[in-house]
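Welcome! Here is a short briefing to read alongside the sequence and the 3D view.

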Amino acid sequence: MARREAPAAGPGSRALIVDVIRSAAAISRVELADLTGLTQPSISNIVRDLIADGIIHEVGSADSVRGKPRKLIAIKPANRFGIGFHLGPDTLTCVAVDLTGGVVGREVVPRPPADRLAAQFDDFTAGLDLPRGRIEGLAIVAPTPFPGGAPVADGLAPVRADLAGRIGLPVMVENDAAAAALGEFWSRRVSREQAFGCIYLGAGIGAGFVFGGALFRGASFDAGELGHMSIAYDGRPCPCGNQGCVERYASMAAVVADAAADPRLPVDPSATTSSAYDAVARLAVGGDPAAFELLDRAAGHLAVAATSMVNLLDLGRVVLTGPGAALAGSIYARRLRAHLERTAHSRQRHPVVVELSAQPRDAASIGAAALVVQAAVAPGHTPGTW
Ligand SMILES: [Zn+2]
């Protein structure tokens, strides 16, 4: 039998090594060779370069079965930073993360006009005392526009070009749900072998997927339109042209509309969708039966769509995030878990883990900053956006 050769180190090897170190938290060179299939000399060369570049560092040693202690290496957190801006309808959320995806600064300001974004970037980073030389770039994320509209990447293209010139750093653009998925993938140390998905409960319902360490974008940067997955052939009509879209039953706007039609629930007609939704969510988690029933039904609708999404892509892990998951996330998560345990096609082969985001309201801005970090230290995953 022919001897199996270790794969030669190629352009993707550095990204692969960074990704394996990130997901392992701390790892030895021997384990890196086992996990990547690269040769020891290739590992040694790349690790030496990564240490010299300040991306990783040695963090101690572990006992070895052969007696000699193995040095452990890990991502060096507070050396380089990514900045993320999330454009909301009225606000701009600014976040800075380190190389592990840990948040080092956050600020929410009234949404400035496009020509003030560069000044906001300067104010925010100066306020955190982040040296310009250690900032890798900026990513701006926004909700996907109405179906049929220009994708976020196209809509923000002029802003992107202008900003990159003004701040002198790379600027990326992405939709909020996709960015949130990459942020959760990066900061939760999800390994690149896992088929990972994220459901984002924002103005609508979006999803993002990370396969093999790369964000999946589809043919026109429009992948993940979970909100417009139909769950009923003759269901509620949707402005997208389809019927029975899950967004018409389970989004924050749908919950608020259903609450307004329920005489048992007080809904302030002058409140914004997000504050009216939060009021219903607060009642539900506080034990109000009508509010709980309403949100639990919305979660049940989302669970049906989640099973289709999980089955289509054979996902192993799903994180629920976005402002809609901030107060009512546990109601949605419980429904999704119970439904997937009964209905996921893969349930006999592997569990489908459903988790709640640790920072659901900031997930899109954190994800934006994580996009910058990934593009800087594990490049090759972000075609067309860097
Ligand atoms: Zn629709």
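A donor here is an N, O or S atom within 2.8 Å of the metal (3.2 Å for Na, K and Ca), and water is not among the atoms, so sites may look incomplete. This is a predicted model, in which local features need pLDDT of at least 70 and side-chain atom pairs count only at pLDDT 80 or more, while totals for chains, interfaces and linings use all residues. Residues are numbered from 1 along each chain as its sequence is written, and side-chain values use heavy atoms, with hydrogens and water left out.

**The zinc site**

- The zinc ion is held by His228 (ND1), Cys238 (SG), Cys240 (SG) and Cys245 (SG), at 2.0 to 2.3 Å.
- Along the sequence, these donor residues of the zinc ion follow the spacing H-x9-C-x1-C-x4-C.
- Cys245 counts as buried because its relative accessibility is 0%.
- Cys238 is buried too, because its relative accessible area is 10%.
- Cys240 has 29% relative accessibility and therefore counts as partly exposed.
- A search of the whole structure for disulfides finds zero, where a disulfide means a pair of cysteine sulfur atoms within 2.5 Å.

**The cavity**

- A cavity is a set of points, on a 1 Å grid over the protein atoms alone, where a 1.4 Å probe fits but cannot get out; lining residues have an atom within 4 Å of a point.
- Grid points are joined across faces, edges and corners, and a volume is the space filled by probe spheres set on the points.
- Searching the whole structure turns up one cavity of 30 Å³ or more, and the largest cavity holds about 30 Å³ of space.
- Val152, Ala153, Val173, Glu174, Asn175 and Phe221 line the largest cavity.
- Helices (H or I, at least four residues) and strands (E, at least two) are DSSP runs, numbered from the N terminus.
- Both α5 (152-155) and β8 (171-175) supply at least two residues of this lining, and β8 gives the most, with three residues.
- By type, the lining has four nonpolar residues, one polar and one charged; Ala, Val, Leu, Ile, Met, Phe, Trp, Tyr, Cys and Pro count as nonpolar, Asp, Glu, Lys and Arg as charged, and the others, Gly among them, as polar.

**Two positive phi values**

- Most residues other than glycine have a negative phi.
- Ala25 has a positive phi, near 75 degrees, and sits in the loop between α1 (13-24) and β1 (27-28).
- With a relative accessible area of 29%, Ala25 is partly exposed.
- Asp314 has a positive phi as well, near 50 degrees, in the loop between α11 (289-313) and β12 (317-321).
- Asp314 is partly exposed, because its relative accessibility is 38%.

- Glu107 belongs to strand β6 (residues 103-110) and is partly exposed at 31% relative accessible area.
- From Glu107 to Asp222 there are 115 residues in sequence and 28 Å in space, C-alpha to C-alpha.
- His57 lies in strand β2 (residues 56-62) and is partly exposed at 25% relative accessible area.
- His57 and Gly183 are separated by 126 residues in sequence and by 22 Å in space, C-alpha to C-alpha.

Technical notes: 1 Å grid on protein atoms, 1.4 Å probe; cavity = no way out; pocket = protein on both sides within 12 Å on 5 of 7 lines; lining within 4 Å. Buried < 20%, exposed > 50% of the residue type's maximum accessible area, 1.4 Å probe, protein only.
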